Amino acid sequence: EANRIIADIIKSKGVDEIVKVKSMATQETNLNEYLKEQGIHARETDLAEMIVQLADDMPSHIVVPAIHRNRSEVRGIFLDRMEDLSDDPTELTAAARSHLRKKFLHAKVAVSGTNMGVAETGTVSIFESEGNGRMCLTLPDTLITLMGIEKLVPRFQDIEIFSQLLPRSATGERMNPYTSMWTGVTPGDGPQEFHLILMDNGRTKVLADPIGRQALACIRCGSCMNICPVYQHTSGHAYGSVYPGPIGAILTPQLTQGLDEHDPVHTLPFASSLCGACGEVCPVKIDIPTILIHMRARTVDVKRNLVPDVWDLGDGRDYPGHVKREAVEGRERADQGDAPLCEEGRHRRTALPGLAVDPRARPAGRPQGDLPSVVEAHPQGLRRQRAAHRRPRDGYSACVRARHDHQHDPEGGVT
């Protein structure tokens, strides 16, 4: 819906090229791809975003989208679109400035995101460090801003706090180099037409979760990524999300409601060591570790409604006969490589590790309700069984419940 509104405004101006700044919100809606289908070219003006766009790549960091590229790679990207260059950062920056300056001077329409909007005055703001935002917000005749509804702050005075938190947490600067604010239009100065689009895109669903709603307080500083050991080893592309790192691990599954086991984003809350560093450095005190655990629990709760597998059959509960048959047959198909790891061909079909023994077999003398015998033959199976084991509804530990049929000696110990 947001894409359609933006495209209609651009078409009404009779242009086929626009400039963009602060485009993270538009990445949620795939605006660039949508406009391309409509014959409109969107030019990213942030240097790192421009590098990513020219390379047909994806951002890997909230603050530094092209952090995964070195200067030699940037030179190679620029050579395909510009004149011959060396890998000297100063020369590369000068080439980018010359390229973007032409776009700024000829652009009639600009599209922006925003860092925050003020409910009290209707003011919208952008914090940036290159000056491209200032050019996009003042030179074009028409300005379109796409803002998530969580970006609103109640009073203009609240900007004082965030304007100090954001640069210190994002880039280590005491003060942001370029801070632009605008409230409507001013005759004869800057854009003469301003459109503000408020985007939900799953945010009200996040707000409904009393624990997960903390994620909406994020100011996109990236400090949780900089400290996260998982992000440092995998980089942002491994998350497959607009928002990588710890904040993406708790925000993306909530925005998309992708908690089903066939949705790749349901694994994001598990991409954490739970060391707690992200929660300690967060400037707005989002309890990320707690939300990660909460999202893991929600993912497991979704799986509870599915047909149980052979590991569930080992917990001693009395499942209907047809459910047991489906679980065992599904396990057998997986052993033969006939079960995809993910839907829609996102991952190749892979034969899962075969079980060394018949999962329905049980050693003589083992009481009903204990772990499956396959655990002894397949050491990795123990970890999988424990991970998939259902939390008991009566509050006892899984270990106690699994052994509730054991005979007890007169003194209360398990024989």
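Where in the chain is the place of Asn 201? Asn 201 sits in the loop between strand S9 (193-199) and helix H9 (203-207); here helices (H or I, at least four residues) and strands (E, at least two) are DSSP runs, numbered from the N terminus. The structure is a predicted model, in which local features need pLDDT of at least 70, side-chain atom pairs count only at pLDDT 80 or more, and totals for chains, interfaces and linings use all residues. Residues are numbered from 1 along each chain as its sequence is written, and side-chain values use heavy atoms, with hydrogens and water left out.

## Loop residues and a buried glutamine

Asn 201 has a phi near 50 degrees, a positive value in a residue other than glycine. Gln 257, in the loop between H12 and helix H13 (277-281), has a positive phi as well, near 55 degrees.

| Residue | Relative accessibility | Class |
|---|---|---|
| Asn 201 | 38% | partly exposed |
| Gln 257 | 33% | partly exposed |
| Gln 27 | 16% | buried |
| Pro 191 | 11% | buried |

Pro 191 is found in the loop between S8 and S9. Pro 191 and Pro 140 are 51 residues apart in sequence, yet their C-alpha atoms are 5.8 Å apart in space. Contact means heavy atoms within 4.5 Å. Leaving aside neighbours within four places in sequence, Pro 191 is in contact with several residues, among them Leu 137, Pro 140, Leu 143 and Val 185.

Gln 27 belongs to helix H2 (residues 24-28). With neighbours within four places in sequence left aside, Gln 27 is in contact with Glu 49, Pro 59 and Val 242.

## Two pairs of packed helices

Two packed helices are described by the angle between their axes and the distance between the axes. Axes are lines fitted to C-alpha atoms, for helices over the stretch in contact, and angles run from 0 to 180 degrees between N-to-C directions.

Helix H4 (residues 47-54) packs with helix H5 (residues 71-81) at an angle of about 65 degrees, and their axes are 10 Å apart. This angle makes H4 roughly perpendicular to H5; angles under 35 degrees count as roughly parallel, over 145 as roughly antiparallel, 65 to 115 as roughly perpendicular and the rest as oblique. On the H4 side, Leu 47, Met 50, Ile 51 and Leu 54 meet Val 74, Ile 77, Phe 78 and Arg 81 of H5. By class, this contact of H4 with H5 has 7 nonpolar, no polar and 1 charged residues. Ala, Val, Leu, Ile, Met, Phe, Trp, Tyr, Cys and Pro count as nonpolar, Asp, Glu, Lys and Arg as charged, and the others, Gly among them, as polar.

Helix H12 (residues 245-256) and helix H14 (residues 288-303) also pack, at an angle of about 40 degrees with their axes 10 Å apart. H12 and H14 are therefore oblique to each other. Their contact is made by Pro 246, Ala 249, Ile 250, Pro 253 and Gln 254 of H12 and by Ile 288, Ile 291, Leu 292, Met 295 and Arg 298 of H14. Counted by class, the contact of H12 with H14 has 8 nonpolar, 1 polar and 1 charged residues.

Terms used. Buried means under 20% relative accessible area, exposed over 50%, partly exposed in between (1.4 Å probe, protein chains only).
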